[in-house]
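Hi,

Here's the structure I said I'd pass on. Have a look, and my notes follow below.

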Amino acid sequence: MDRIKYVVDGFAKAGIDISTRQAEQYVRLCDFMVEYNKNVNLTAITEFEDVVMKHFIDSVLPFTMVEIDQGASFIDVGTGAGFPSLPLLIYRPDLKATLCDSLNKRCVYLEKACAEIGVTAKIVHARSEELGRKLREEFDFATARAVAAMPVLMEYCLPFVKVGGRFIALKSVNEDISVAANAAKLLGGSTPEVTDYTLPSGDDRRFVITKKISATPTKYPRSSTNIAKKPL
């Protein structure tokens with residue numbers, strides 16, 4: 001298989017044009033992640049074709065459907081193995097990224113992965129609710145590709161976003177997003193806007209945009225225990 005061509009063609013099927021250099025970066029990222037995954041649990045998806053579709057294209061496609069200013073700053077909350085941030089930085093190297101994760105060994109991986117693929121990002125080892133009290137309203141947008149329910153994600157992510165910015169969540173199509181409307185309101189956000197789309201593989205996906213319309217009250221985010229026990 002010509003893996004470079006496979007990546008270029010895969011992105012093209014999603015309506016995304018990438019260069020040969022970018023395709024090479026995606027291949028390097030895949031190889032590095034799969035090898036590193038043998039010692040540090042990063043992902044259950046390790047087949048090349050699946051990584052390209054379910055990690056790389058899935059991470060980039062939503063951000064081609066919204067207008068993001070050149071040089072915009074963002075934070076990837078609970079980034080894990082670096083999704084969506086690392087594939088997005090390959091596609092949009094102009095963006096200023098901060099990657100936050102609570103597990104140090106994943107942060108070590110992220111530092112090495114950035115060096116491997118030649119992208120620049122600030123890696124922060126911290127719990128997101130603690131960091132959210134320190135980096136309040138510093139970013140043009142926050143993103144998360146996480147399994148937590150939207151009311152919980154809202155409290156972790158919206159405090160990071162500047163007034164006028166956005167929280168862009170990558171979610172399952174099976175989740176009821178309407179339950180997050182109250183959390184958004186309490187945290188200074190608009191009513192969440194849902195966009196459903198389909199990957200070239202036929203898998204259905206969803207992203208949710210919440211605009212930051214007023215400052216988040218200083219009592220948020222709460223402790224992780226309270227966020228989990230009593231979602232907004």
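α2 passes α5 in a right-handed crossing (the near helix is turned clockwise from the far one by less than a right angle). This is a predicted model, where local features need pLDDT of at least 70, side-chain atom pairs count only at pLDDT 80 or more, and totals for chains, interfaces and linings use all residues. Residues are numbered from 1 along each chain as its sequence is written, and side-chain values use heavy atoms, with hydrogens and water left out.

Back to that pair: α2 covers residues 20-36 and α5 residues 104-117, packed at about 150° with their axes 9 Å apart. That makes the two roughly antiparallel (over 145 degrees). On the α2 side, the contact (heavy atoms within 4.5 Å) is made by Gln-25, Arg-28, Leu-29, Phe-32, Met-33 and Tyr-36, and on the α5 side by Val-108, Tyr-109, Lys-112, Ala-113, Glu-116 and Ile-117. By class that's eight nonpolar, one polar and three charged residues.

Next, α7 (residues 150-157): eight of its eight residues are buried, so the helix is largely enclosed by the rest of the structure. Buried here means under 20% relative accessible area with a 1.4 Å probe, protein chains only; over 50% is exposed, and in between is partly exposed. Glu-155 is among the buried residues, along with Met-150 and Tyr-156.

Last one, Pro-200, in the loop between β6 (193-198) and β7 (204-211). Pro-200 is partly exposed at 35% relative accessibility. Leaving out residues up to four places away in sequence, Pro-200 touches Gly-10, Lys-13, Ala-14, Met-53 and Ile-57. Ala-12 is 188 residues from Pro-200 in sequence, yet their C-alphas are 9.4 Å apart.

Cheers

Technical notes:
Axes fitted to C-alpha atoms, helices over the stretch in contact; angles between N-to-C directions. Helix = DSSP H or I, 4+ residues; strand = E, 2+ residues; numbered from the N terminus. Parallel < 35°, antiparallel > 145°, perpendicular 65-115°, else oblique. Nonpolar A, V, L, I, M, F, W, Y, C, P; charged D, E, K, R; others polar.
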